[in-house]
2 protein chains.
Amino acid sequence: MRRVRRAATIDDVAREAGVSRQTVSNVLNAPGIVRESTRERVRLAIDRLGYAPHASARRLRTQRSSTIGVHLDPFAGGISGVVLDRFVHALTERASDRGLRVLVYSAGSPEEEIARLRDLREGGEIDAAVITGTFSGDPRIGWLDARGLPYVSFGRPWGSETSDAPLHLWVDVDGAAGTRAATEHALVTAGATVAFLGWPAGSATGDDRERGWREALVAAGAEEGARLFAEEDVQAARQVTLRALDAGEPDAIVCASDTLAVGAHLAAVSVGLAELPIIGFDNTPVAEALGLSSVEQRPEKVAGGVLELLMGDSGRVVAPRADASDAAPSHVLVTPRLVVR
Amino acid sequence: MRRVRRAATIDDVAREAGVSRQTVSNVLNAPGIVRESTRERVRLAIDRLGYAPHASARRLRTQRSSTIGVHLDPFAGGISGVVLDRFVHALTERASDRGLRVLVYSAGSPEEEIARLRDLREGGEIDAAVITGTFSGDPRIGWLDARGLPYVSFGRPWGSETSDAPLHLWVDVDGAAGTRAATEHALVTAGATVAFLGWPAGSATGDDRERGWREALVAAGAEEGARLFAEEDVQAARQVTLRALDAGEPDAIVCASDTLAVGAHLAAVSVGLAELPIIGFDNTPVAEALGLSSVEQRPEKVAGGVLELLMGDSGRVVAPRADASDAAPSHVLVTPRLVVR
């Protein structure tokens, strides 16, 4: 049998600290107005007695939990998953600094995520949501808009930027700017023939990253290099690169991810081209370990942008904007930076 | 200006759904006793009105938030950080399945972590804690014990196993079993000379992993191989391994981490020994990408063990055990498994 203690009350704490009930309440609700020595005495009494004042009561008064719900994907492995984790780490750190709580939940599908958000919202356990991995036709957006739950997404509203879908607040990384910087660097340091290894066409994120490579080539007046395709998989990328190297050696390869870059690097090493410049995307520990340059998404900047949009000027979580005439910014586009190795 | 709507009340929902106030309350608190069609009608009304019933009121009644606080380290980069992230992912997933919430917080030091836990506890926002990265003389343990906050640690109470320190519930990975399995595999498949690349002596985790290697050699009657030391750093590991390979080539190298294994592998490749068997620890994406065997910690098992200990047989978060006569298990030691590549 495991024993449960009787819960201490606010009167127990007051008696133990030799102060009034009101003073204990002040320490909990308005510590700034209590002398430091008194505050310390009450804190010690709270610790000794294991008193938990149930902020639930405070919440009923303030009608806010100051808690943000954040989706934490089931762990899928892979090289680039670390970017989302870094984002959650950074968000947690910055939210803590602002006195906000972060509640994480898992969900296997957008529908399940909606169900989880509904439970948390109905329970008064969150008063805002941060969603990640937006996609064209994302059902979460419509639900959140209809429900009036404040939210910000890490990821832009792909496919609906120019439509009249309800405005939503988002932060994203400018992928095209990242591959543009990578390609410009390759043109200057390696040579005029820069290939691109990306995912099969049709993914919004992938097409965006390909665009940056193409734009840099056009701007420099360079000829278009080879365009290689592989799924997000080291071995697939290795094989595609091997075939390409067999047909001709580029001066450099810019990749849509570190996973692709590792595959390309292993291919290059296996044919004696260990020094072929290959630039990845995401700046993961793998790229660092192998000494590959990579585009850094700066998830810490993304987390800062998310909180800025969520809290607005008021320093409190704000409701979604009712119309487009609002002067406050509705999104933040973070410019990634190239880490050269 | 951002607009905030007037909050809907339970009466608004009842009117909208055409049911009684009690029925709405039942849907929220005991949905099992409400007909499905009625439940759906109430849910729709709740959605339409954006009603949030403030479980705070429920919490005051039940005196429990069903929320676990989990420390999320500031992101430190590196190869092996992914293990703790996998643990948090798995814990979130399993907790969600059991109807528990997971609240993450960041803290830069054990002292700061204690302050955060105190805030969360005082606010009634968590009713249990999961701590990670325990160490000898860890101040968090004494605080948690004194405070009576239920907790489980991922990491054993290093240095106090045999002392009369208050019992604490923990889950850990049997590091020695992992390196033992790795060494046995190397002895069978590579040869009798198996070196060990670990951290400088004196770290509890590192010494434990070294012990497994030594035990496997003794059990097999093999001679002790070289014992190499490096800090947790790819380049440091590479240099140490280069020097060792210069003095003589072992049949295999068992490493205390994937970071060390990557360094050893890069050293081997650079002297034409790309096929030298090198076994890492943590089974990170880097080991997978480079095709290195590695010991997998099974963070999903750890998360399962943590919840099992935390919730006990009762299926509810339990208070810490008051004495050692308790028949329930006080810890879970997860046996890692070798992933051969």
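Which residue in S11(A) does A:Asp172 stand opposite? The residue is A:Leu333. Before the context, some housekeeping. This is a predicted model, where local features need pLDDT of at least 70, side-chain atom pairs count only at pLDDT 80 or more, and totals for chains, interfaces and linings use all residues. Residues are numbered from 1 along each chain as its sequence is written, and chains are lettered from A and ligands numbered from 1 in the order in which they are written.

Helices (H or I, at least four residues) and strands (E, at least two) are DSSP runs, numbered from the N terminus. Two strands pair if DSSP finds at least two bridges between them.

Back to that pair. Strand S5 of chain A, residues 170-173, runs parallel to S11(A), and four bridges join them. Both belong to an open sheet of 12 strands with mixed pairing, in the order S11(A)-S5(A)-S4(A)-S3(A)-S1(A)-S2(A)-S2(B)-S1(B)-S3(B)-S4(B)-S5(B)-S11(B). At the edges are strand S11 (331-334) of chain A and strand S11 (331-334) of chain B, each pairing on one side only. Neighbouring strands are turned by 20 degrees against each other on average, direction ignored. For angles in general, axes are lines fitted to C-alpha atoms, for helices over the stretch in contact, and angles run from 0 to 180 degrees between N-to-C directions.

On the chain B side, helix H13 (residues 299-311) packs on this sheet. H13 touches S3, S4, S5 and S11 of chain B, and its direction makes about 170 degrees with that of S11(B). Contact here is between residues whose C-beta atoms, placed from the backbone, lie within 7 Å.

Next, the other sheet. Six strands of chain A form an open sheet in the order S7-S6-S8-S9-S10-S12, again with mixed pairing. The twist averages 20 degrees from one strand to the next. Within this sheet, S6 (residues 194-198) and S8 (residues 252-255) run parallel and are joined by four bridges. A:Phe196 stands opposite A:Val254 in S8(A). Helix H11 of chain A, residues 258-270, lies across S6, S8, S9 and S10, at about 160 degrees to S9(A).

Now the domains, whose bounds come from an automatic or database domain assignment. Chain A is given domain 1 (10-53), domain 2 (67-173 + 299-335) and domain 3 (175-296). Nine residues of domain 2 are in contact with 11 residues of domain 3 in chain A. The domain 2 side has five nonpolar, four polar and no charged residues. For these classes, Ala, Val, Leu, Ile, Met, Phe, Trp, Tyr, Cys and Pro count as nonpolar, Asp, Glu, Lys and Arg as charged, and the others, Gly among them, as polar.

Last, the helix pairs. In chain A, H8 (residues 175-189) and H9 (residues 204-220) pack at about 40 degrees, with axes 7 Å apart. H8(A) is therefore oblique to H9(A); angles under 35 degrees count as roughly parallel, over 145 as roughly antiparallel, 65 to 115 as roughly perpendicular and the rest as oblique. The contact has seven nonpolar, six polar and six charged residues.

In chain B, the axes of H10 (residues 234-247) and H11 (residues 258-270) come within 7 Å and cross at roughly 45 degrees, so H10(B) is oblique to H11(B). Their contact has 11 nonpolar, four polar and one charged residues.

Methods
Contact = placed C-beta atoms within 7 Å.
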